[in-house]
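These are my notebook entries on one protein model, kept in the order in which I looked things up.

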Amino acid sequence: MARRQVGSTRRVGDSGSFPFVGALHSKSRSSPLLSICLVLLGACLLIGYAFSGPGMFKSISQVSKITGDYSCTSEVQRAIPLLKTAYGDSVRKVLHVGPDTCSVVSALLKEEETEAWGVEPYDVEDADSSCKSLLHKGFVRVADIKFPLPYRSKSFSLVIVSDALDYLSPKYLNKTVPELARVASDGLLLFSGNPGKQKAKVAELSKFGRPAKMRSSSWWNRFFSQTNLEENEAASKKFDKAAAKVSYTPACQIFHLKPLH
């Protein structure tokens, strides 16, 4: 990208020299049109640099800051008090799976009688000191969720997933979601993007090699039926009742599922 831009720049010059140099040393009157072109070219070069190369935005948390996309991981943190009401003692040994899992694990560890772990499906090179501490202590690990999780069945009372499944194709969802349900003993909670409220503006930045796809609730319900996953109606009703009391309206879709036994 950068080479093509430099080549097009040389064609602007009169004698093959770099136009910025000519603009700086020329004492003749500058054309307003040329000045505008130079400003636009500089802006294009900056944008091209930001979105090029293998090191571009490494995590969804960075992408969200740039585009303003809503994070379902943030929704999880908002919902923690409601989850404790709906699931009771099941919120005692929790696994969170998704980008920025360090923030969720940190919030859960502050709750009384709650143990928490996290799986980060993205790179964490930009992690802050708090997240690096969680990684070092083993509370958080980086793993590709398209493959089997390194946990025994029923290792966690509750498994929560956010901002991860929207980037998986049905081929991998067929394996990943049942695998998440396998390691849960009491329930699986999925936070998924809402096609009516969210847009996948940063699809090309997905680490899973495909665009983020905001699927409807009817699509998810069909998927759950096909993979033999059942709704946890009791937990769902308790959650909705607790949410109504505090006028809580989630921006993401929330699905309460029973574990696979």
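**Loop residues with positive phi**

I located N228 in the loop between α9 (217-226) and α10 (233-245), where helices (H or I, at least four residues) and strands (E, at least two) are DSSP runs numbered from the N terminus. The model is predicted, so I noted that local features need pLDDT of at least 70 and side-chain atom pairs count only at pLDDT 80 or more, while totals for chains, interfaces and linings use all residues. Residues are numbered from 1 along each chain as its sequence is written, and side-chain values use heavy atoms, with hydrogens and water left out.

The phi of N228 is positive, at about 60 degrees, although N228 is not a glycine. I set this against the general rule that most residues other than glycine have a negative phi. N228 counts as exposed at 64% relative accessibility; here buried means under 20% relative accessible area, exposed over 50%, and partly exposed in between, with a 1.4 Å probe and protein chains only.

I then looked up D100, which is found in the loop between β1 and α6 and also has a positive phi of about 60 degrees without being a glycine. D100 is partly exposed, its relative accessible area being 35%.

**Strand β1 and its partners**

Is strand β1 enclosed or open to the outside? Four of the five residues of β1 (residues 93-97) are buried, so the strand is largely enclosed by the rest of the structure. I counted five bridges joining β1 to strand β2 (residues 115-120), and the two run parallel; strands are taken to pair if DSSP finds at least two bridges between them. The bridge partner of L95 in β2 is W117. From β1 the chain crosses through helix α6 (residues 101-109) to β2, and this β-α-β crossover is right-handed, meaning that, with the strands pointing away from the viewer, the path from the first strand over the helix to the second runs clockwise.

Strand β4 (residues 156-162) is also parallel to β1, and four bridges join them. In β4, V161 stands opposite V97.

**The buried D163**

My next entry concerns D163, in the loop between β4 and α8 (170-182). D163 is buried yet has no salt bridge, and the nearest side chain of opposite charge, R215, is 12 Å away. For this I took Lys and Arg as positive and Asp and Glu as negative, with His and the chain ends not counted, and a salt bridge as a side-chain nitrogen of Lys or Arg within 4 Å of a carboxyl oxygen of Asp or Glu.

Which backbone nitrogen lies 2.9 Å from a polar atom of the side chain of D163? I found that this nitrogen belongs to C72. Leaving aside neighbours within four places in sequence, D163 is in contact (heavy atoms within 4.5 Å) with residues including P99, Y122 and F191.

**A79 and the whole chain**

A79 has its place in helix α5 (residues 72-87) and is buried, with a relative accessible area of 0%. Its contacts, apart from neighbours within four places in sequence, are with F191, F239 and Y248. I also noted that A79 and P250, 171 residues apart in sequence, are 8.4 Å apart in space, C-alpha to C-alpha.

Notes:
A polar contact is a pair of N or O atoms within 3.5 Å; within protein, one must be able to donate a hydrogen and the other to accept it, and residues adjacent in sequence count only if both atoms are side-chain atoms.
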